[in-house]
Amino acid sequence: MFASFLLGLVIAGAIYWWFQMMITAQQEKNAFLHSEIKVLEGQIKEIATIEDEIASLKARQKAVEDLQSDRNLPVHLLNELVRQIPEGAYISSIKQSGQTIAMQGFAQSNERVSEMLRNLTDNTPWLSKPELVEIVARNINLSQKEQRRVSAFNLRFRLMRTSEVKGGNEPASATQGK
């Protein structure tokens, strides 16, 4: 009976020792996995910062490309104004705020202002959405004795970016060719 007790104790000890060895081996595997997870987390953070840097560089590149393509916008604006403003209409001031242009001037009659608005609406891809803000009849002194009645106007419109004009012209030219 004592031998059975000792044999049972040896078997129980062997089983306990075997489970302890398995637990130790699993703990070593878990520790290895935790260390590798920390390495991977570091790499993920590094990749995230690289992705942020890439996005930042792409934004800078787009800004430079926009500036490069839009550097001729003032030339297009003045060129189109020369083409679209009818005889008898004169500009006294132009102000740009972003892509919006505010323009003030004088015309010989309201019909000249109407003609200018039609031209700005229909005849140019560089200018869009003309809006007459105000038109007022005024007298202008041409000399000490001579006065002339004119229409003072205030209007605004949108100056199109180069990318918008190129994108907008492609479908129009494709439909014109058909």
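Buried means under 20% relative accessible area, exposed means over 50%, and partly exposed lies in between, with a 1.4 Å probe and protein chains only. Glutamate 80, with a relative accessible area of 6%, is therefore buried. The model is predicted: local features need pLDDT of at least 70, side-chain atom pairs count only at pLDDT 80 or more, and totals for chains, interfaces and linings use all residues. Residues are numbered from 1 along each chain as its sequence is written, and side-chain values use heavy atoms, with hydrogens and water left out.

**View 1. The salt bridge between arginine 83 and glutamate 80.** A salt bridge is a side-chain nitrogen of Lys or Arg within 4 Å of a carboxyl oxygen of Asp or Glu. Here the closest N and O atoms are 3.5 Å apart. Both residues are in helix α2; because they are 3 residues apart, about one helical turn separates them. Helices (H or I, at least four residues) and strands (E, at least two) are DSSP runs, numbered from the N terminus. Arginine 83 is exposed, at a relative accessible area of 55%, whereas glutamate 80 is buried. The whole structure has 3 salt bridges.

**View 2. The salt bridge between glutamate 115 and arginine 112.** The closest N and O atoms of this pair are 3.9 Å apart. Both residues belong to helix α3, 3 residues apart, which is about one turn of the helix. Glutamate 115 is partly exposed at 30% relative accessibility, and arginine 112 is partly exposed at 27%.

**View 3. The salt bridge between glutamate 131 and arginine 156.** The N to O distance between these side chains is 3.2 Å. Glutamate 131 is in strand β3 and arginine 156 in strand β4, so the pair ties together parts that are 25 residues apart in sequence. Glutamate 131 has a relative accessible area of 38% and is partly exposed. Arginine 156 is partly exposed as well, at 37% relative accessibility.

**View 4. The hairpin of strands β1 and β2.** Two strands pair if DSSP finds at least two bridges between them. Strand β1 (residues 89-97) pairs with β2 in the antiparallel sense over 8 bridges. Serine 97 is opposite threonine 100 in β2. The hairpin has 2 residues between its strands, and glycine 98 in the turn has a positive phi of about 70°. Along strand β2 (residues 100-107) the side chains alternate.

**View 5. Strand β4 and its two partners, β2 and β3.** β2 and strand β4 (residues 147-159) pair in the antiparallel sense over 8 bridges. Glutamine 104 stands opposite asparagine 154 in β4. Strand β3 (residues 127-141) also pairs with β4 in the antiparallel sense, over 12 bridges. Leucine 127 has leucine 159 in β4 as its bridge partner. A hairpin of 5 residues joins β3 to β4. Asparagine 154 has 17% relative accessibility and so counts as buried. Contact means heavy atoms within 4.5 Å. Leaving aside neighbours within four places in sequence, asparagine 154 is in contact with Met103, Gln104, Glu131, Leu132, Val133 and Glu134.

**View 6. The largest nonpolar core, with 18 residues.** A nonpolar core is a set of buried Ala, Val, Leu, Ile, Met, Phe, Trp, Tyr and Cys residues joined through side-chain atoms within 4.5 Å. Leu81, Met103, Leu127, Leu155 and Phe157 have the most contacts inside this core. The elements that give two or more residues to the core are α2 (73-84), β2, α3 (110-122) and β4. Leaving aside neighbours within four places in sequence, the contacts of methionine 103 include Leu81, Ile91, Met116 and Phe157.

**View 7. Isoleucine 85 in the loop between α2 and β1.** Isoleucine 85 counts as buried, at 16% relative accessibility. Not counting residues up to four places away in sequence, isoleucine 85 touches Ile91, Met103 and Met116. From isoleucine 85 to leucine 117 the C-alpha atoms are 8.7 Å apart in space, and the two are 32 residues apart in sequence.
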